[in-house]
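Okay, everyone, thanks for coming. Let me put today's model up on the screen, and then we'll walk through it together.

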Amino acid sequence: MAQSLLGQMKEFLTKKGWLSTRPLFVTIDGDGFIYRSGFDHRSVGELIYDEILCVYPYCFTASFIAGEMEKYPAEFDVDLVREILALENVEAASHSWSHPHDWVSEDVDIEQETTHSVRYIEQRLLPQGKKVKLFLWTGKCNPTEQALAAVDRLGIGNLNGCNPFVPWVWVGKSLQFSARAYDDWHYMDLGRLIRETGGSSVYSFLKGYHGRLDGFSRIITFYHDHPDLPVHVYFHWYSAVRRESLDALKKVLDWCSDQGCRPVFASDYVTDLRASITRVSR
Ligand SMILES: [Zn+2]
């Protein structure tokens with residue numbers, strides 16, 4: 001991909017007066033990075049790289065579950081992650097060390113999940129000059145005050161959970177920033193489908209299910225109906241296990257192009273939002 005594609009596209013859209021003020025950011029949830037596509041010989045990461053990251057001139061926040069690098073060394077393609085994170089239009093995020101489901105649980109090692117996962121990604125996966133910019137909460141997305149404080153100490157923002165209509169909540173002295181839209185999991189109705197089919201894992205379900213899984217494109221109606229919200233495209237790596245769910249994601253991103261949304265990195269969105277809150281509360 002041409003390194004300056006993003007800049008060229010922004011310049012072109014601005015000149016044409018087509019760049020709206022509605023911000024657009026795209027976050028990739030770390031789940032399923034180690035999966036392989038069910039319709040192609042490539043891994044889901046390769047497909048997202050080839051068909052999404054190198055094609056759409058948007059700002060992407062790509063997250064990884066850092067501990068998978070050690071737990072699944074054969075499946076976690078380190079070279080691919082490095083290529084992804086070297087792209088000009090991709091920033092890095094941590095999706096924790098082991099993907100805690102419930103952050104309130106005593107079993108969660110907060111330092112390992114937050115500080116260590118961020119440092120690990122920075123040391124092993126990021127090119128020089130790039131840092132992890134955001135922490136994306138996992139599971140129930142219910143960080144404790146201590147977990148939020150640990151991420152705050154790293155000097156990075158956080159995102160995920162809460163209600164898309166409420167941009168942030170205070171948890172003790174820290175701010176938890178909300179995802180601003182529902183994700184592909186929600187629109188594909190995966191929770192219900194996996195339960196009903198007795199599937200043991202997301203991966204085995206995605207590979208074995210015979211119905212269509214293109215529900216994510218329905219989020220366009222949500223974006224359309226709530227023009228006051230930023231456009232937050234929030235999907236998981238595993239959306240590329242199935243051809244039709246990857247195509248649904250493209251349909252969503254094509255809609256964003258038609259709207260002339262203003263691409264921003266999710267970390268910049270969070271930073272700006274935090275600054276506005278600090279100003280108001282002063
Ligand atoms: Zn996740």
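Buried is a matter of counting: a residue is buried if 20 or more other C-beta atoms lie within 10 Å of its own, exposed if 12 or fewer, and partly exposed in between, with C-beta atoms placed from the backbone.

Two housekeeping notes. Residue numbers start from 1 along each chain, following the sequence as written. And this is a predicted model, where local features need pLDDT of at least 70 and side-chain atom pairs count only at pLDDT 80 or more, while totals for chains, interfaces and linings use all residues.

In soluble globular proteins, nonpolar side chains tend to be buried together. Here the largest nonpolar core has 73 residues, and those with the most contacts inside it are Val-44, Ile-48, Phe-60, Leu-134, Phe-216 and Trp-237. Helix H2, residues 44-53, supplies the largest share of this core, with six residues. When I say helix or strand, I mean a DSSP run, numbered from the N terminus: H or I of at least four residues for helices, E of at least two for strands.

Let's stay with H2. Two packed helices are described by the angle between their axes and the distance between the axes. H2 and helix H4, residues 78-86, pack at an angle of about 20°, with their axes 10 Å apart. Axes here are lines fitted to C-alpha atoms, for helices over the stretch in contact, and angles run from 0 to 180 degrees between N-to-C directions. That makes H2 and H4 roughly parallel to each other; the cut-offs are under 35 degrees for roughly parallel, over 145 for roughly antiparallel, 65 to 115 for roughly perpendicular, and oblique for the rest. The contact is made by Gly-45, Glu-46, Tyr-49 and Leu-53 of H2 and Leu-80, Glu-83 and Ile-84 of H4, where contact means C-beta atoms, placed from the backbone, that lie within 7 Å.

Now for the other helix pair. The axes of H5, residues 110-124, and helix H6, residues 145-153, come within 9 Å and cross at roughly 20°. So H5 is roughly parallel to H6 as well. On the H5 side, the contact involves Ile-110, Glu-111, Thr-114 and Thr-115, and on the H6 side Gln-146, Ala-147, Ala-150 and Val-151.

On to the strands. Strand S2, residues 60-64, has five of its five residues buried, so S2 is largely enclosed by the rest of the structure. Phe-60, Ala-62 and Phe-64 point one way from S2, and Thr-61 and Ser-63 point the other way. S2 runs parallel to strand S1, residues 23-29, and three bridges join them; two strands pair if DSSP finds at least two bridges between them.

Three bridges join S4 to strand S3, residues 90-94, and the two run parallel. Ala-93 stands opposite Leu-134 in S4. Leaving aside neighbours within four places in sequence, Leu-134 has contacts that include Thr-61, Ile-156 and Val-270.

Where does Glu-122 sit? In helix H5. Glu-122 is partly exposed, because it has 15 other C-beta atoms within 10 Å. Again leaving aside neighbours within four places in sequence, Glu-122 touches Lys-131 and Val-132.

Strand S6, residues 168-171, and strand S7, residues 174-177, run antiparallel and are joined by four bridges. Trp-168 stands opposite Phe-177 in S7. Two residues sit between the strands, and Gly-172 in the turn has a positive phi of about 60°.

Which residues have a positive phi without being a glycine? Asn-160 is one of them, at about 110°, and Asp-189 is another, at about 60°. Asn-160 lies in the loop between strand S5 and S6 and counts as buried, with 23 C-beta neighbours inside 10 Å. Asp-189, in the loop between helix H7 and helix H8, is exposed, with 12 other C-beta atoms within 10 Å.

That's my tour, thanks.

Methods
Contact = placed C-beta atoms within 7 Å. Core = buried A, V, L, I, M, F, W, Y, C linked by C-beta atoms within 7 Å.
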